[in-house]
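Good morning, and thank you for the time. I would like to take you through one model, going from single contacts out to the overall fold.

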Amino acid sequence: MKRMISASVRRLTEGMSRKRVALIMVGAAICSFGIHNIHQRTGITEGGVIGLMLLIENWFGASPAAVTPILDIICYLLAFRYLGGRFLRISLVSTLSVSLFYKIWELFPPMLPDLSRYPLPAAVLGGIFVGVGVGIIVRQGGSSGGDDALALTISRMTHCRLSFAYLFTDFTVLGLSLTYIPLKRIVFSVITVTISSFLIDRIQNA
């Protein structure tokens, strides 16, 4: 089994430089660290696919385990049409890296102080972690999930800046989330997605 997994990984990363793979893993580690140690502990909701999944769960009672893959597949199918197969291959490496680091962080106790009582610093710091981590991944030509693929597709189709594409999807989902989340909590989510969108755009175009 280990040989089969190793062979699959080698085929997947064939043609990709070690530097690119290493940077993707660094970005995945930073992004997943922030979400695991800040967002999940403080209850700051997300925009994009994650926020849409939570919205569908609340509206229809659908299981996130079933909804999330469907939403990701739809986003990646759109990305394949406009961004090509190479993007999907790199994104598969980055998505697997994010999942791997999630598992790693779950093995340890929380590594940051609990910021639940301080939502503003949590929103700012969480946005920085996600923005820097995802920005590194996007700069390498991949995505950390379906929401990144959707934003990149919108940016390619409309020729708008990537930050505007992220904000459009995030604000749309957060606006709909007001049906079940208090406005006070949404405000902090707006702060974190604004910061992360800005950083992703700046790092991609650095």
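This is a predicted model: local features need pLDDT of at least 70, side-chain atom pairs count only at pLDDT 80 or more; totals for chains, interfaces and linings use all residues.

Let me begin with a definition: two rings of Phe, Tyr or Trp, the last represented by its six-membered ring, are taken as a pair if their centres lie within 6.5 Å. On that basis, Phe33, Phe101, Trp105 and Phe129 form one aromatic cluster.

Setting aside neighbours within four places in sequence, Leu112 is in contact with Phe33, Asn37, Ile38, Arg41 and Phe129. The C-alpha atoms of Leu112 and Phe33 are 9.8 Å apart, while 79 residues separate the two in sequence. Is Leu112 buried, exposed or partly exposed? Its relative accessibility is 22%, so Leu112 counts as partly exposed; the cut-off for buried is under 20%.

Staying with helix 2, I turn to His39, which is also found in that helix. His39 is buried, because its relative accessibility is 4%. Thr192 is one of the buried residues of helix 9.

That brings us to helix 9 itself. How does the span of this helix agree with its 22 residues? At 1.5 Å a residue, residues 183-204 should span 32 Å, and the end C-alpha atoms are 31 Å apart, which agrees. The buried positions in helix 9 are Ile186, Phe188, Ser189, Thr192, Val193, Ser196, Ser197, Ile200 and Asp201. To read such a list, recall that an α-helix has 3.6 residues a turn, so residues three or four places apart point the same way. The cover over the buried residues of helix 9 includes helix 2 (18-42), helix 6 (119-139) and helix 8 (162-177).

Helix 8 deserves a word of its own. Its 16 residues reach 23 Å from the first C-alpha to the last, close to the 22 Å expected at 1.5 Å a residue. Buried along helix 8 are Leu162, Ser163, Ala165, Tyr166, Leu167, Thr169, Asp170, Val173, Leu174 and Ser177.

Next, the charged contact. The structure holds 1 salt bridge. Asp201 and Arg161 form it, with 2.3 Å between the closest N and O atoms. This pair links distant parts of the chain, since Asp201 is in helix 9 and Arg161 in the loop between helix 7 and helix 8, 40 residues apart. Asp201 has a relative accessibility of 3% and so counts as buried. Arg161, at 43%, counts as partly exposed.

The loop that carries Arg161 also holds His159, between helix 7 (146-158) and helix 8. His159 has a positive phi of about 60° although it is not a glycine. With a relative accessible area of 71%, His159 is exposed.

Now the cysteines. How many disulfides does the structure hold? There are 0. Cys75 counts as buried because its relative accessibility is 7%, and Cys160, at 26%, counts as partly exposed.

Leu77 sits in helix 4, residues 64-83, and counts as exposed at 57% relative accessibility. The C-alpha atoms of Leu77 and Ala149 are separated by 9.2 Å, and the two residues are 72 apart along the chain.

Finally, the chain as a whole. It has 9 helices and 0 strands, giving the pattern α-α-α-α-α-α-α-α-α along the sequence. Of its 206 residues, 44% are buried. Among contacts between residues at least 6 apart in sequence, 78% join residues at least 24 apart. The accessible surface comes to about 11,200 Å², and carbon and sulfur atoms account for 68% of it.

Thank you. I am glad to take questions.

Definitions and conventions: Residues are numbered from 1 along each chain as its sequence is written. Side-chain values use heavy atoms; hydrogens and water are left out. Helices (H or I, at least four residues) and strands (E, at least two) are DSSP runs, numbered from the N terminus. The expected span of a helix is 1.5 Å times one less than its number of residues. Buried means under 20% relative accessible area, exposed over 50%, partly exposed in between (1.4 Å probe, protein chains only). Contact means heavy atoms within 4.5 Å. A disulfide is a pair of cysteine sulfur atoms within 2.5 Å. Rings of Phe, Tyr and Trp (its six-membered ring) pair if their centres lie within 6.5 Å; planes under 30 degrees apart count as stacked, over 60 as edge-to-face and the rest as tilted. Accessible areas come from the Shrake-Rupley method with a 1.4 Å probe; for residues, only the protein chains shown count as cover. A salt bridge is a side-chain nitrogen of Lys or Arg within 4 Å of a carboxyl oxygen of Asp or Glu.
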